[in-house]
Protein chains: 2
Amino acid sequence: MKTATFYHAGCPVCLSAEQELLNLVDSSKVNVEVVHLGEQPKWIPKAEKAGVKSVPALVLDNGSVLHINHGASMSEVKG
Amino acid sequence: MKTATFYHAGCPVCLSAEQELLNLVDSSKVNVEVVHLGEQPKWIPKAEKAGVKSVPALVLDNGSVLHINHGASMSEVKG
């Protein structure tokens, strides 16, 4: 089973992208963990280290980062 | 069966995103058509009408557009 982490910050763009993406993903192949960085700010350093520049973003277990549309930059998430 | 159209322009960001995305998608639920706008420029107006601002982008059959990372703007694709 592959894993992926969907980082978001609760913004409308984030929630819309989350819905669309989770509807597309093959849940028998990929387990997607959803992390709300506004509610769980301790994850921000981990997200940044993974290469997340803005949210919403999906980080795959092979290291790839897919930035999906643009809800907020990481500096806005931290602010 | 839902359908989606993945628009790209052959750029490295596009090809990488295509690979990652098609690996995630549940092909039993969603049929993804891949359109290379560099090779098929007649699709550019359709993509723009769907709301594609940059490639790679995935247009869903409910009208949502997911812009994934940033390979090229549509003006660059046309240029």
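How many salt bridges are there between chain B and chain A? The count is zero, where a salt bridge is a side-chain nitrogen of Lys or Arg within 4 Å of a carboxyl oxygen of Asp or Glu.

## The model

This is a predicted model: local features need pLDDT of at least 70, side-chain atom pairs count only at pLDDT 80 or more, and totals for chains, interfaces and linings use all residues. Residues are numbered from 1 along each chain as its sequence is written, chains are lettered from A and ligands numbered from 1 in the order written, and side-chain values use heavy atoms, without hydrogens and water.

## The contact

Chain B gives 19 residues to the contact, and chain A gives 19 residues. Contact means heavy atoms within 4.5 Å.

About 1600 Å² is buried between the two chains, with 53% from carbon and sulfur atoms. Buried area is the accessible area (1.4 Å probe) lost on putting two parts together, summed over both. B:E20, B:L24 and B:L66 supply 37% of what chain B buries against chain A, more than any other three residues.

## The side of chain B

Helix 1 (12–24), strand 3 (54–60) and strand 4 (65–73) of chain B each supply at least two residues of the side touching chain A. Helices (H or I, at least four residues) and strands (E, at least two) are DSSP runs, numbered from the N terminus.
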